[in-house]
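Subject: Structure for you to look at

Hello,

Here is the structure I promised to pass on. Please open it first, then read my notes below with the model beside you.

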Amino acid sequence: MTTNSGTGGSETRTLGVGMVGYAFMGRAHSHAWRNVSAFFDLPVRPVLAAIAGRSKERTEAAAASLGWAAVETDWRDLINRDDVQIVDICTPGDSHAEIAIAALEAGKHVLCEKPMANTVEEAVAMTEAAERAAARGVRSMVGFNYRRVPAVAFARRLVAEGRLGELRHVRAQYLQDWIVDPEFPLVWRLQKDKAGSGALGDIGAHIIDTAQFITGRLITGVSAITETFVKERPLAEESAGLSASSGAAATGEVTVDDAALFIGRMEGGMLASFEATRMATGRKNALRIEINGSLGSLAFDFEAMNELWFHDHTLAGAEGGFRRIIVTEPDHPYAGAWWPPGHGLGYDHTFTHEAKDFLEAIANGTDPSPSFAEGLRVQKVLAAVERSAAEGSRWTTVEDVEENA
Ligand code: SOE
């Protein structure tokens, strides 16, 4: 951590951030690092020190538009910079393990995008590296940003306060439609070697984490089906030039799932159902979750992310029913730092909240959540889903995955 003398004798501690990758997630994270100190009163201030990407030209352009001070074309040079104390990994999953482990060993705090890794083996190695690093005061966290939606964090609070009573059901969905068109190209998210899995790891991981986060219960076993509806797609621009011959449009095989559905059991006797799909026409980013308990229920849909629906089953029947809570009050999680009640937040705020929580944990010397160990647990559920689907929906427990990892 560096200490800079501010004006007027006041001192501001700063932490240099080095980010790897600059596409969608890189842009979202840059925005968060830039504005977090303006809205939250933090013990440390992040500095956008350097950004890494393979193409010098594109990385320089990204640095200029996103506000990064320096550019590296090799992530190894980024993690070795003296002005970088936090490494923020926003690359496809196939590079997470290598970068995260090297950064932790170099003594850098690590924020890693989800899903944490492409395999359980990688996630185990990352978790072991994180535990060794934590013993030296080096922190790590997985970027499950939807935990930081105020309504989701508030749902967890209501559950923890016992307002739902004994928990019985989780019904979770993550519905998108951005690859419905069969002409949509074979981008990295549709390639198993780069992304690990398809809708399952990309968006299914979010609902697994969200369900476990709100309820405080882990998923213990699953029975799953997956499907790839569009099996061949035009090659994406960067690879098309390599294999297109004669003028005929080159296509490639989609090696991941378009949709993954599974039922599961959670700790404490809960039953759960999950659906992750990129083929739900008309649904753009519908992360939805409903939880039913003996004393009430909660329902959330990210497409109306400032709202949480709560049914209090202790009220007389005539007064019962779901009521809408607009989660923008000063005593709602995160909300007080922003606008007056009713002036809603958006997707970008979830990343700002993530940056805030990570910076506070580093400054206060506490372990941030979701830890790499929590990310590993999600990874094991993803593996259980894949294994179950490959074996005709056979019931598969997290323990099965641990035994034959
Ligand atoms: C693409 O499906 C994607 O960008 C995910 O990768 C993100 O994690 C999710 O927040 C939105 O959708």
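**Two helices in contact**

In this predicted model, helix H5 meets helix H11 through Val-120, Ala-123, Val-124, Met-126, Thr-127, Ala-130 and Glu-131 on the H5 side. The H11 side of the contact consists of Phe-372, Ala-373, Leu-376, Gln-379, Lys-380 and Ala-383. Sorted by class, the residues where H5 touches H11 are nine nonpolar, two polar and two charged.

H5 covers residues 120-134 and H11 covers residues 372-390. Their axes come within 9 Å and cross at roughly 170°. An angle over 145 degrees counts as roughly antiparallel, so H5 is roughly antiparallel to H11.

**A pocket and a cavity**

H5 and H11 turn up again in the second largest pocket, as both give two or more residues to its lining. H11 gives the most, with five residues. The volume of this second largest pocket is about 280 Å³, and 20 residues line it. Nearest its centre lie Asn-118, Thr-119, Val-120, Ala-383 and Glu-386. Val-120 and Ala-383 also belong to the contact between H5 and H11.

How many cavities of 30 Å³ or more does the structure hold? There is one. The largest cavity holds about 30 Å³ of space. Its lining is made up of Thr-328, Ala-335, Trp-338, Trp-339, His-343 and Leu-345. Four of these lining residues are nonpolar and two are polar, with no charged residue.

**Aromatic pairs**

A pair of aromatic rings is described by the distance of the centres and the angle of the planes. The whole structure has 12 aromatic pairs. One of them is Phe-262 with Phe-274. Why is the pair of Phe-262 and Phe-274 called stacked? The ring centres are 4.7 Å apart and the planes lie at 15°; planes under 30 degrees apart count as stacked, so this pair is stacked. Phe-262 sits in strand E12 (residues 259-266) and Phe-274 in strand E13 (residues 270-277). The two residues are 12 residues apart, and the pair links distant parts of the chain.

**Backbone points**

Two peptide bonds to proline deserve a look. The bond from Lys-114 to Pro-115 is cis, with omega near -20°. Pro-115 is in the loop between strand E6 (109-113) and H5. The bond that joins Ser-369 and Pro-370 is also cis, and its omega is about 5°. Pro-370 is in the loop between helix H10 (347-364) and H11.

Tyr-334 lies in the loop between strand E17 (323-326) and H10.

Regards

Key: Residues are numbered from 1 along each chain as its sequence is written. This is a predicted model: local features need pLDDT of at least 70, side-chain atom pairs count only at pLDDT 80 or more; totals for chains, interfaces and linings use all residues. Side-chain values use heavy atoms; hydrogens and water are left out. Axes are lines fitted to C-alpha atoms, for helices over the stretch in contact, and angles run from 0 to 180 degrees between N-to-C directions. Helices (H or I, at least four residues) and strands (E, at least two) are DSSP runs, numbered from the N terminus. Angles under 35 degrees count as roughly parallel, over 145 as roughly antiparallel, 65 to 115 as roughly perpendicular and the rest as oblique. Contact means heavy atoms within 4.5 Å. Ala, Val, Leu, Ile, Met, Phe, Trp, Tyr, Cys and Pro count as nonpolar, Asp, Glu, Lys and Arg as charged, and the others, Gly among them, as polar. On a 1 Å grid over the protein atoms alone, a cavity is a set of points where a 1.4 Å probe fits but cannot get out, and a pocket is an open set with protein on both sides within 12 Å along at least five of seven lines; lining residues have an atom within 4 Å of a point. Grid points are joined across faces, edges and corners, and a volume is the space filled by probe spheres set on the points. Rings of Phe, Tyr and Trp (its six-membered ring) pair if their centres lie within 6.5 Å; planes under 30 degrees apart count as stacked, over 60 as edge-to-face and the rest as tilted.
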